[in-house]
Amino acid sequence: MKKWWWKIALALLLLSWPLLTMILMPDKTYYDYVASLVLANVCIAVGLGILMGYTGLVSLGQAGFVAMGAYTVGILISKAGFDLLSALLVAAILCALTGFTLGLTAVRLKSTYLVLVTLGFGASIPHLLVYFHDLTGGHNGLQVAGATLLGLPITSGKQFYYIILGVVSLLVWCAFNLTRSKKGRTFRAVRDSEIAAQSLGINLMVTRATAFAVSAVYAGVAGGLLAPLLGYLGAEDYNIMASLNYLIMVIIGGASSLWGVMLGALFFVVAMELFSNSPAGMTLVFFGGAVIATMMLLPRGLASLPAVLSKKRGALRGR
Amino acid sequence: MRPVFIQTIVNGLATGAIYALTVMGLVMIYKTTHVLNFAQGEKAMLTTFIAFSLMATPAIPLWAAVLLTLVAGALIGTFVELAFVRHVRARGATEGTYILIMLGLFLSIQGVAGYIWGNDFKPFPRIISASTIKLGGVVISLEALSILGVTFVLMLMLYLFFQKTRWGLAMRALNENLTTALLMGVRANRIFLITWGIACAMASIAGLMVVNITYLHPGMMLPVILKALAGAILGGFDSYPGVMLGCLLVGVMESIIGVYISTELKMVFAFALITLVLIVRPSGIMGKREFKKV
């Protein structure tokens, strides 16, 4: 296979990124921060990709899980003195349980109605965060400081980058294995035909709820990883528009391929940073246009671009 | 009953009526063309901004501004059908594709409005006076009454349109069975265009009603469309009376929770209750049960 060398190149690039930025731009930590942001978003997008592309369920409330992870980790670290890893574990368990419960409602509902339930979940979380302001800081936000890893304090952006890289790589590796496992095939069976899957003895309820739990864990862990890096959490940052952002990544990248989903996350974060100084509304117009263009011209996302291009080239050659 | 309670109910009904107005066009488009128009609220927002600019022009009288806004709504609707939906339909798209295209439109329209008019909160000139009427001990705002009145008249017109006109009949036929309708000589493309036009003109009326109770802002329709959609699904998406009932219920529920429990938890309770109802009755209160053939 020709594929193995670019995987090694990617791994090398990811591992040496902080060193590269240190050599090329020693006075800037911005590029480490953007890279960490890309990795965290890759994690959320992969979770949503498993839900959308592999199980055929749409969630418009992923930001709710991201907020849950972020606030759990933030509160545990800064108020209860937890270690980052144990705080992440608690966040993951909490998100898994919530995701599973939310997924249980998916069984009886049509896809359009399920969109509404997840939308409602996503819309409710910021309100709940404001309501429980004693714990979360409400409108004033939550300061997250003093994160430690295995007892050692984490101080620089580069350290955060490596921690995020480690956790996200592990989760992405799990995602690839999941999609090739028996459970992953059950997900796809349910997506392609509920009735056929049921007739093969697949439990629809458990399968869908599990898919939801998995995507919730990915979102929650990413949120938890970002919490100490951002240092400040605001309830309004996790509204419906944030949930839509994750959907945009998955759509532009192509939901049915994990590589595509990751590409979508990269595209989104980089474009977002490039647009950070543009006039009001231009970012939304760009991403809105990108989503429409993707759906009309490339329904399977960026992941299908090479195949589509080689087909076109073949057609030109008169094959 | 205590006057506060009755006031809460009336205000809730008015809010619910706004939800019904907002979502009725969406349901109409969904039933005829099977496109879940997620961007319906944003179209209402865009036309309200257009109305804002028209009303700021001294040469245009109020009635002309409202009329032009309706025309603008209809034009935007037909444009969306012509430019995006028709092309994708010809390729045989699924409902999911439509939803995602509408999502793209949702973002783009919000962006365009923010770019042209800015992202700040603007007060909208009052169309309906802020005076109140006293009935016994109950104070009812003229706004609430006129919103209820407008909704009632529009719903009546919509009912007559569907039952008594050829276009309405054609829309119902397309909803029932596309292929049969085509064989019976229904000009599907033309009817789709008319559906989009009427539905988006209705959205612009909804926008003018919503802006009476909030400020003018590119994000103003998002909470409205969320709860409107919830109401429609609660009542049953495939029945117009069901949609109306569901929206009124959501409005009243929200109003009661806001007054007696907590304003911050309005959304949370509303969605929790709707989810519970949907688990018991997956097709909504008045919706038809669905059966799948294997």
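Q: What percentage of the 319 residues of chain A count as buried?
A: A residue is buried if 20 or more other C-beta atoms lie within 10 Å of its own, exposed if 12 or fewer, and partly exposed in between, with C-beta atoms placed from the backbone. In chain A, 48% of the 319 residues count as buried. This is a predicted model: local features need pLDDT of at least 70, side-chain atom pairs count only at pLDDT 80 or more, and totals for chains, interfaces and linings use all residues. Residues are numbered from 1 along each chain as its sequence is written, while chains are lettered from A and ligands numbered from 1 in the order in which they are written.

Q: What does chain A average in pLDDT?
A: pLDDT is the predictor's confidence in each residue, from 0 to 100. Where pLDDT is low, the predicted coordinates should not be read in detail. Chain A averages 84, and 97% of the residues score at least 70.

Q: How many helices and strands are there in chain A?
A: Both are DSSP runs, numbered from the N terminus: helices are H or I, at least four residues, and strands are E, at least two. Chain A has 14 helices and four strands.

Q: Where in H1(A) does a kink lie?
A: The bend at a residue is the angle between axes fitted to the seven residues ending there and the seven starting there. In H1(A), a kink of about 55° lies at A:Ser16, shortly before the proline A:Pro18.

Q: Which residues are buried in H1(A)?
A: They are A:Trp17, A:Pro18 and A:Thr21. The buried residues of H1(A) pack against helix H2 (30–54) and helix H7 (157–180) of chain A, where contact means C-beta atoms, placed from the backbone, within 7 Å.

Notes: Two residues are in contact if their C-beta atoms, placed from the backbone, lie within 7 Å.
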